[in-house]
Amino acid sequence: MKVIEYLKTYNETLNKDNLNDADLAVFAQISYFRLDKFFENKKEFTFSSHATLNDLNYMTSPNLEAKKSLKLATYLVINKRFKDVEITNYHPVFSTKNSIQYASMIFKITNDLYVIAFRGTDISINGWYESLMLSYSDSIPSHIEGLNYLKKVLPLIPSSARIYVTGHSKGGNIAQWSFLHLNENEQKRIYKVYNFEGPGNREEYSKFSNYKLSLKKIKKFVTSDSIIGILLFDNQNFKVIKASGNNGVTQHSIFSWEISKTTHSLVLVDFLSKSAIALSLAIDKWLSEYSPSQTKSLIDSLFTFLTSCGIMTQKDFTSNFSKKARNMFNKYQKANSKEKNEFSKSINTLLKYFLAFRFTSYTKLKELYKKEPTLFSRISSNK
């Protein structure tokens, strides 16, 4: 079953004993909801107290999958597991100038059970720009925001409480990065960190003195055809979710993930697909050939081009797309030859690597994937 059916059929009150990975994926998805107006005059929010259709539309309309998000929200209002969970310390930050798109919140389930969630990339181009900064920087603005948030809110939670940290996509990356950069005493406060389909980083986490302790607490999940979740350096100690859809883009969505009707946990499969490993190796090999400044230049050029064409959110790619496509083509044609040649060469190189890995045997790819982190020593040396 999928997450909507999960909320529809599993209606037991949430507690320490029955909180599972599917619940933590739901909390990660809730972090995408726009809750700003509900915190204008209040310090807490529950779904059971905001059940009007206007309220639900308001909180879910900015999502790329708005219809599915709205349906999810309607069940959150009545589901015993989630309807009375108290959301506090809602902290959204958005700044085009500072290249940050971020939000975090606390879910108080009971007096002894809390979940802290970090929002992933939203539909804004600004959000996607910040996410791509991971390809050339060891930290992004949301990392610093997330770390400061954890340091601020951990003392507010009872010392006897069990604390989980969760996030999807960039939110999962923020959850993991922020946790790893806490001091040892702060890390001890956190029971587990759940990173759903969050990309890795350029930074090698193994350099931390408490790395082995940290790994015991981090639970990373990706899908079999993952694209986002397997990018860049990670500990690669992940579980693979069974998901519908025949590519990593559709599988990236929580709405595609399979949940067991009997155990109520995420359904897992053995390992990544051949195409997922090939793409991961291709992108990492491709990045290893560029210095951080070169990578930044490529990304800056791409986003300057998109914004000049009026592309400010992902929805702009589907709204009146034929007109925008013509505009993008015309602007590309007017770009100088050097810029076009560099961009074409870069894309062709990535494609060449992907095809080379794609036609490598699955057994060989698995062996290469074990050695993938060594690519990042070359990336670091290009600074």
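## A walk through a predicted fold

Gln 29 counts as buried, because its relative accessibility is 7% and anything under 20% falls in that class. Keep in mind that you're looking at a predicted model. You can find Gln 29 in helix α2, which covers residues 21-30. Which residues does Gln 29 touch, once its neighbours within four places in sequence are set aside? They are Asn 63, Ser 69, Leu 72, Ile 254 and Phe 255.

### The whole chain

Now zoom out. The protein chain contains 16 helices and nine strands. Of its 383 residues, 53% are buried. The chain exposes about 17600 Å², and 53% of that area comes from carbon and sulfur atoms. Now take the contacts in the chain with a separation of 6 or more: residues 24 or more positions apart account for 74% of them.

### The sheet

Next, the strands. In general, strands of a sheet pair through backbone hydrogen bonds, and they can do so in a parallel or an antiparallel way. Here nine strands make an open sheet with mixed pairing, in the order β1-β2-β3-β4-β5-β6-β7-β8-β9. At the edges sit β1 (44-45) and β9 (268-269), each of which pairs on one side only.

Let's step along part of the sheet. Strand β4 (residues 113-118) runs parallel to strand β5 (residues 162-168), and six bridges join the two.

How many of the six residues of β7 are buried? Five are, leaving the strand mostly covered. Strand β6 (residues 190-196) pairs with β7 in the parallel sense over four bridges, and there Phe 196 stands opposite Phe 221 of β7. β7 also runs parallel to strand β8 (residues 238-241), again joined by four bridges. In that pairing, Val 222 has Val 240 of β8 as its bridge partner.

### Helices against the sheet and each other

On the α6 side, the contact is made by Ser 142, His 143, Ile 144, Gly 146, Leu 147 and Leu 150. On the α7 side, the residues are Lys 170, Asn 173, Ile 174, Trp 177, Ser 178 and Phe 179. As for handedness, α6 passes α7 in a right-handed crossing.

Is α7 enclosed or open to the outside? It is largely enclosed by the rest of the structure, because 11 of its 11 residues are buried. Among those buried residues are Lys 170, Gln 176 and Trp 177.

Helix α11 (residues 274-287) packs against helix α15 (residues 362-370) at about 45 degrees, with the axes 10 Å apart. The two are therefore oblique to each other. α11 passes α15 in a left-handed crossing. In this pair, Lys 274, Ile 277, Ala 278, Ser 280 and Leu 281 of α11 meet Tyr 362, Leu 365, Lys 366, Leu 368 and Tyr 369 of α15.

| Helix pair | Angle | Axis separation |
|---|---|---|
| α11 and α15 | about 45 degrees | 10 Å |

### Two residues with positive phi

Last stop: the backbone. Asn 89 has a phi near 50 degrees, a positive value in a residue other than glycine. Asn 89 lies in strand β2, and it counts as partly exposed because its relative accessibility is 31%.

His 264 isn't a glycine either, and its phi is positive too, at about 65 degrees. Where does His 264 sit? Look in the loop between α10 (248-251) and β9. With 17% relative accessibility, His 264 counts as buried.

Note on methods. Residues numbered from 1 in each chain as written. Predicted model: local features only at pLDDT ≥ 70, side-chain atom pairs only at ≥ 80, totals over all residues. Heavy atoms only, no water. Buried < 20%, exposed > 50% of the residue type's maximum accessible area, 1.4 Å probe, protein only. Pairing = 2+ DSSP bridges. Contact = heavy atoms within 4.5 Å. Areas by Shrake-Rupley, 256 points an atom, 1.4 Å probe, with all protein chains shown as cover. Left-handed = near helix turned anticlockwise from the far one by under 90°. Axes fitted to C-alpha atoms, helices over the stretch in contact; angles between N-to-C directions. Parallel < 35°, antiparallel > 145°, perpendicular 65-115°, else oblique.
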